Amino acid sequence: MSKALDGVRILDFTHVQSGPTCTQLLAWFGADVIKVERAGAGDITREQLRDIPDVDSLYFTMLNHNKRSITIDTKNPEGKLVLETLIEQCDVLVENFAPGALDRMGFTWERIQELNPRMIVASVKGFGPGPYEDCKVYENVAQCAGGAASTTGFDDGPPVVSGAQIGDSGTGLHLALGIVTALYQRTQTGRGQKVLAAMQDGVLNLCRVKLRDQQRLERTGTMKEYPQYPNGTFGEAVPRAGNASGGGQPGWILKCKGWETDPNAYIYFITQAPVWAKICNVIGKEEWATHPDYATPAARLPHLKDIFAEIERWTMTKSKFEAMEILNKYDIPCGPILSMKEIAEEPSLRKTGTIVEVDHPTRGKYLTVGNPIKLSDSPTEVKRSPLLGEHTDEVMAELGYSPEQISALRTAGAI
Ligand code: CAO
């Protein structure tokens with residue numbers, strides 16, 4: 001079966017996490033992604049957090065599936081010429097170097113346009129234009145600068161970063177959308193364009209509801225669904241909301257049977273208004289369904305702590321899965337706190353290709369997260385990540401280099 005991005009050729013000049021997430025998605029949709037790496041070294045993540053000596057790390061393998069790897073020293077004059085040939089023959093160049101690195105290599109936007117006016121140049125940077133535009137940025141810096149850390153955690157503790165890589169993988173996702181949009185516009189204009197996804201912007205986009213809350217707070221001085229209401233105090237900025245639900249349906253994380261020894265024996269419980277009477281029945285507080293202090297969402301807001309304490313008395317008598325089974329029968333929204341171990345072993349995620357087992361020539365079998373976006377006419381087949389320079393000869397031949405030329409370039413240290 002053909003793939004959605006068949007025929008699109010990507011010059012993948014990305015490294016670490018944000019850029020590689022983006023190009024991996026494009027590869028899963030069928031683009032030919034050619035990852036350019038430095039000979040002898042490669043993407044730094046190949047050797048980071050290794051669990052097997054001298055074998056590409058899981059960090060690298062899990063972010064670089066379905067790509068081809070070619071080594072080029074882009075600071076070597078002959079290597080630069082090879083990169084120029086690649087630019088001429090690719091549709092998109094994706095990079096996430098520190099600001100200015102591509103220009104210093106000699107590949108300014110103007111130069112790239114000279115070589116290939118149809119080329120889309122897509123970049124991840126830490127910040128957009130402004131005071132921090134020259135800064136190098138990693139995941140947690142973006143989470144802090146994008147508003148996620150100041151709004152995550154508990155009121156009486158410091159800011160907290162999330163395990164979800166919203167700065168890196170989140171920005172990679174944003175960039176991928178920018179790239180396919182630019183490819184679509186190119187079908188009308190015939191021209192390439194620059195695509196920029198700044199990590200601060202990407203995180204802020206994912207924290208949009210917190211900017212909503214900032215303005216609500218400034219107007220009304222309070223936010224009734226936050227745990228600070230009614231007994232705590234609000235300051236000038238959106239506070240950390242603990243595990244409170246972000247929307248209009250109050251929720252909290254509650255202990256389940258076994259919580260004393262299992263750090264993940266918890267459930268997320270949402271007291272959705274339409275099922276309030278059912279919640280009261282399930283937890284044995286039938287009288288709350290009609291009691292004036294509990295019967296309506298507005299009446300419940302000042303009592304949320306007591307309500308969740310009562311619900312927790314019930315959830316603590318059940319395992320998280322038993323509680324799920326009972327609550328789902330009544331359409332009460334809830335979710336088990338799943339550990340990575342439980343997720344890795346979940347058969348339904350294996351069935352859908354969301355968790356995939358991949359075989360690698362030097363590592364053997366490992367698990368990875370497959371394509372979370374499923375296209376019915378463009379199914380994803382997850383293929384292992386390339387070894388460093390595995391496809392150099394193959395790609396060079398496709399670019400028109402003869403075996404003799406390839407061998408001379410290798411001797412010159414250009415590839
Ligand atoms: N041949 C020769 N040189 C190469 C090369 C190749 N194939 N590929 C890269 N290089 C060189 C670049 O030219 C550059 O050299 P100069 O600094 O001399 O111009 C250097 O390698 C790239 O360096 P970098 O500054 O991008 O890398 P770093 O490890 O110092 O910084 C990072 C990493 C991520 C902080 C930085 O790249 C960055 O801020 N990127 C933008 C934001 C981003 O994507 N962050 C998320 C990363 S994932 O957590």
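## Helices across the sheet

Let's start with helix α3 (residues 77-89), which lies across β1, β2 and β4 (92-95) and runs at about 140 degrees to β1. Helix α7 (residues 169-189) lies across β4, β5 (120-125) and β6, at about 165 degrees to β6. Angles run from 0 to 180 degrees between N-to-C directions, with axes fitted to C-alpha atoms, for helices over the stretch in contact. Helices (H or I, at least four residues) and strands (E, at least two) are DSSP runs, numbered from the N terminus.

This is a predicted model, where local features need pLDDT of at least 70, side-chain atom pairs count only at pLDDT 80 or more, and totals for chains, interfaces and linings use all residues. Residues are numbered from 1 along each chain as its sequence is written, and side-chain values use heavy atoms, leaving out hydrogens and water.

## The sheet itself

Now for the strands: 6 of them form an open sheet, ordered β3-β2-β1-β4-β5-β6, with parallel pairing. Two strands pair if DSSP finds at least two bridges between them. At the edges sit β3 (67-71) and β6 (194-198), each pairing on one side only. Strands β1 (residues 9-13) and β2 (residues 32-37) run parallel and are joined by 4 bridges; Ile10 stands opposite Val33 in β2.

Helix α10 (residues 276-283) packs with helix α12 (residues 304-315) at an angle of about 50 degrees, their axes 9 Å apart. That makes α10 oblique to α12 (under 35 degrees is roughly parallel, over 145 roughly antiparallel, 65 to 115 roughly perpendicular, and the rest oblique). From α10, Trp276, Ile279, Val282 and Ile283 make the contact, with Ile307, Glu310, Ile311 and Trp314 from α12 (contact means heavy atoms within 4.5 Å).
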